[in-house]
Amino acid sequence: MRFDILTLFPDIINAYIKESIIKRAIEKNILDVNVVNIRDFTPYKNGQVDDTPYGGGAGMVLMCEPVVRAIESVRTDSSKVYLLTPQGKKFNNQLASSIINDTKHVILVCGHYEGFDERIYNFVDGEISIGDYVLTGGELPSLVIMDTISRFIPGVILEDSFTNDSFNDNLLDYPNYTKPRDFRGYLVPDVLLSGDHKKIKEYRTSEKLRITKEKRPDLLK
């Protein structure tokens, strides 16, 4: 699986992919993450990638040419290109799963300032939002999306780890415990120490339902 992340701040992405699970997946050649600096594609010698909006208004707008040229530098016939915008489709596990089933090459374009020149939307396949709030740029969303999709790729993590994740069956995950058995009077449930795998499975299923009803009842609708 290949990700191309188009950004004005490549150091943010590079710092993240050099750590933990993503780093190991890259080293195993399971993931290929390429960071593209949009400034490399501006026709202006001073590295300018934004300008004032026609019609007036506050802030600056990302120009067409550097963004579109950056997209075209990595796009293939099988690529899917997504702008990271507040008005995009809400990202969740279901969308992550559909993306990985649709393509093996994802291009994520990080916005900044007051957003993209509207004409850039003609050169992408869709928009994605990670929530109903506005960030200063698309770098954090791009990392969230890449990290989430990566968990579905065989070999990145153990299969049991993501099949039991929250939201996979519209339920939150069951509670987990480790040593010590007694921490300041808070005890590990006896059933988890019983060795009875059937009872443990029943307990975890009931806990998933309980926690979802308590914390996210909207998921049960």
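Where does Tyr 113 lie? Tyr 113 is in the loop between strand S6, residues 105-110, and strand S7, residues 126-129. Before I go on, please keep in mind that this is a predicted model.

I start with the surface at that loop. Tyr 113 has a relative accessibility of 37%, and so counts as partly exposed. Together with Phe 9 and Ile 12, Tyr 113 makes a nonpolar surface patch of about 260 Å².

Glu 139 sits in helix H5, which covers residues 139-150. Leaving out neighbours within four places in sequence, Glu 139 is in contact with Thr 7, Leu 8, Phe 9, Ile 12, Ile 13, Cys 110 and His 112. Glu 139 is buried, yet has no salt bridge. How far away is the nearest side chain of opposite charge? That side chain is Arg 39, at 9.3 Å. What Glu 139 does have is a polar contact, side chain to side chain, with Thr 7 at 2.5 Å.

Staying in helix H5 for a moment, Thr 148 is also found there. Thr 148 counts as buried, because its relative accessibility is 18% and the cut-off for buried is under 20%. Apart from residues up to four places away in sequence, Thr 148 touches Phe 91, Asn 93 and Ala 96.

Side chains of opposite charge can pair when their charged atoms come close. A search of the whole structure finds 10 salt bridges, and I will go through some of them.

Asp 125 is in the loop between S6 and S7, while Arg 75 is in the loop between helix H3, residues 64-74, and strand S5, residues 80-90, so the pair ties together parts that are 50 residues apart in sequence. Both ends are partly exposed: Asp 125 has a relative accessible area of 38%, and Arg 75 has 32%.

Next, Glu 207 and Arg 210 form a salt bridge at 2.8 Å, N to O. Why are these two separated by about one helical turn? Because they are 3 residues apart in helix H7, residues 197-215. Glu 207 counts as buried at 12% relative accessibility, whereas Arg 210 is partly exposed at 39%.

Asp 218 and Arg 216 also pair through their side chains, at 2.9 Å from N to O. Asp 218 is partly exposed at 40% relative accessibility, and so is Arg 216 at 31%. As for networks, salt bridges with shared partners join Glu 207, Arg 210 and Glu 214 into one.

Which residues of H3 are buried? They are Cys 64, Pro 66, Val 67, Val 68, Ala 70, Ile 71 and Val 74. The cover over the buried residues of H3 includes strand S1 (2-7), strand S2 (32-37), strand S4 (61-62), S5 and S6.

Phe 41 also belongs in this part of the talk. Phe 41 is in the loop between S2 and strand S3, residues 50-51, and counts as buried at 18% relative accessibility. Setting aside residues up to four places away in sequence, Phe 41 touches Val 36, Glu 65, Pro 66, Arg 69, Ala 70 and Ser 73. With Glu 65, Phe 41 is 24 residues apart along the chain, and their C-alpha atoms are separated by 7.6 Å.

Last, some backbone geometry. Most residues other than glycine have a negative phi, and most peptide bonds are trans. Here are some departures from that.

The peptide bond between Lys 179 and Pro 180 is cis, with omega about 5 degrees. Pro 180 is in the loop between helix H6 (159-163) and strand S8 (182-183).

Asn 29 is not a glycine, but has a positive phi of about 65 degrees. Asn 29 is placed in the loop between helix H2 (20-27) and S2, and counts as exposed at 69% relative accessibility.

Arg 184, also a residue other than glycine, has a positive phi near 55 degrees. Arg 184 lies in the loop between S8 and strand S9 (186-187), and is exposed, with a relative accessible area of 75%.

Methods
Residues are numbered from 1 along each chain as its sequence is written. This is a predicted model: local features need pLDDT of at least 70, side-chain atom pairs count only at pLDDT 80 or more; totals for chains, interfaces and linings use all residues. Side-chain values use heavy atoms; hydrogens and water are left out. Patches are made of residues with over 30% relative accessible area and no salt bridge: like charges are joined within 9 Å, nonpolar side chains (Val, Leu, Ile, Met, Phe, Trp, Tyr) within 5 Å. Accessible areas come from the Shrake-Rupley method with a 1.4 Å probe; for residues, only the protein chains shown count as cover. A salt bridge is a side-chain nitrogen of Lys or Arg within 4 Å of a carboxyl oxygen of Asp or Glu. Helices (H or I, at least four residues) and strands (E, at least two) are DSSP runs, numbered from the N terminus. Buried means under 20% relative accessible area, exposed over 50%, partly exposed in between (1.4 Å probe, protein chains only). Lys and Arg count as positive and Asp and Glu as negative; His and the chain ends are not counted. A polar contact is a pair of N or O atoms within 3.5 Å; within protein, one must be able to donate a hydrogen and the other to accept it, and residues adjacent in sequence count only if both atoms are side-chain atoms. Contact means heavy atoms within 4.5 Å.
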